[in-house]
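Morning, everyone. Let me put the model up.

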Amino acid sequence: MPEPVLDLISIGRSSVDLYGQQIGGRLEDMASFSKAVGGCPTNIAIGTARLGLKSAVITRVGDEQMGRFILEQLQREGVETRGVVVDPKRLTSLVILGVRDEKTFPLIFYRTDCADAALNESEIDEDFIASARAIVVTGTHFSIPGAAAAQRKAIALARKHGRKVAFDVDYRPNLWGLAGHGAGEERYIRSDTVTQHLQAILPDCDLVVGTEEELHVAGGSEDTLTAIRSIRNLSAATIVCKRGPMGCVVFPGAIPASLEEGIKGPGFPVEVYNVLGAGDAFMSGFLRGWLRDEPLETCCAYANAGGAFAVSRLLCSPDSPTFPELLHFLAQGSPHRALRRDAELNHIHWATTRRPQAKTLMALAIDHRAQIEKMADDAGVPHERIAPFKRLAVEAAARVAAGRPGFGMLLDGRHGREALFRAGDHDFWVARPLEVPGSRPLALETDAAGSLGAELAEWPVHHVAKCLAFYHPGDDAALKEQQEGVLKRVALACRQVGRELLVEIIASKHGPVGDDTTASVMRRLYQIGIRPDWWKLEGQPSPAAWAAIDAAIEQNDPYCRGVVLLGLDAPAEELEQAFRLTKASRTVKGFAVGRTIFGEAARGWLAGRLDDEAATAMMAERFGQLVAAWERR
């Protein structure tokens, strides 16, 4: 029998969860929502992938935007999607959720003839099941005849091939038809019918996981110890009883006289913010240990910590911890009962769940506003002519990229709004400026009219916020304080809204640049809590300067994506030399160059000396030359 290539395949529900963002309000009064992938087995697939397991999911999604969102997010998370069926006839399931208080979490399931409910036996492939060390089946999907048959077939195939079967009781009474649509948060209604369904599954399970109430329904008794003994009479499985803030208790063999005599791991008392999804994060943590043959105490620690993260945050799968985050918490703990307020944990979470990025980044920067407005003024044409030129720049970049990864653009919303739309056609990395052009002390364009947070919230989620500061270590203290205050505000807004941040530092305009000049600025910004996803830096005087920059990043934020070089309108030959000086750098990932590429084309096109094709071809040629020079480096 070939060795399995996957750790687990989870089977059952998938949905798009829409979480009300007004905490403490009624679901009736919610005005805005956060979107996330949901559904117990799909959350488990994502949660275990984040913890380093090779996971997959068998489910169905609709052939529409919400279904594609689930598929794309699973792929970003590293979940194998071979078992996801795209249903052309049914819509993806939706769930509307809210947080009313510490004990009230209203939710509504929109599941009438939804895609995942149509899962059936034909979608259970024997070779696929055999490719995993374990399958995870979930209780709610046994409430639907076709889906129940699919899970039973998967269990039989897993047993045939010597694979493990893990069972998450996942009891939702209203999805068994025991409560109305508005009772989605109801967690327990006694039902002999449900008990009979679940007990037919237990003999084939190697792991059974549930809350006390879920074990009550599986065991057919409202006394927890009696229910667990009933499960033991039917199954040799390891039984895990989840007990909320008290952690969990595990029974691998004979059931003792008291719950307290089971195997335990450390518990983590935290502030309860939202219990929805906590069980999925718990199960993910337990499986991380169980499928790696860790001691049960370790499995409990992983599981309890995962649950603690989930109840302290709003969303389900997006807020499930990654393994570096989990290990940091287990080793260091947290000074905060509300883990969502722990800056270090939040940074690790953010940095380890960002969208995947190519190892190199070659960007055409045309976010210039003041410089290109002067070009238009010099040519005697209105500023309205700038927008169509920026669209030509997008076409030029696309010609050079030719669909390859690792290319991007810097574009602004003032003159480049349509260009931003067109950049979205080419899967470019995109960054957008926030600063008032040339401002020193640093000022933001949003400060004149509007809100920084509201501005960022309107951007597509993959757009990167860029903020340029003319900052030199020799600046006076008042200027430094003012500029640092703006950068801190930008960094905070980016994290709160979920946008990556690129900080651009230009020191050479206001003092000499030596081997430690730029690195000292970076160290200072790190010291005050600013940890950009990207740095954009000018060329440095020596390899030693780049070594100092490498050290500043690696000592303060090993999760930083890296550095891109800026151009400052330098001739191509100077840029090639600047590229070569970075050869030994471990953090320089590419370049973002502007006027060297577009300057001559812009002046010619605005003056009417070049037509659209000639200007586009000129930019493409120069961008292509820099790409070749970077690759030669």
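First, a term: buried means under 20% relative accessible area, exposed means over 50%, and partly exposed lies in between, with a 1.4 Å probe and protein chains only. This is a predicted model, where local features need pLDDT of at least 70, side-chain atom pairs count only at pLDDT 80 or more, and totals for chains, interfaces and linings use all residues. Residues are numbered from 1 along each chain as its sequence is written, and side-chain values use heavy atoms, leaving out hydrogens and water.

How many salt bridges does a search of the whole structure find? It finds 46. The criterion is a side-chain nitrogen of Lys or Arg within 4 Å of a carboxyl oxygen of Asp or Glu.

Take R440 and D475. Their side chains form a salt bridge, 2.8 Å from N to O. R440 sits in the loop between β15 (429-433) and α15 (452-458), D475 in the loop between β16 (464-470) and α16 (477-497), and they are 35 residues apart. Helices here are DSSP runs of H or I, at least four residues, and strands are runs of E, at least two, numbered from the N terminus. R440 is partly exposed at 28% relative accessibility. D475 is buried, at 9%.

Next, D447 and R489. Their closest N and O atoms are 3.0 Å apart in a salt bridge. D447 is in the loop between β15 and α15, R489 in helix α16, 42 residues apart. D447 is partly exposed at 43%. R489 is partly exposed too, at 36%.

Last pair: R586 and E554 meet in a salt bridge at 2.7 Å, N to O. R586 lies in the loop between α19 (572-581) and β20 (588-593) and E554 in helix α18 (residues 543-556), so the pair ties together parts 32 residues apart in sequence.
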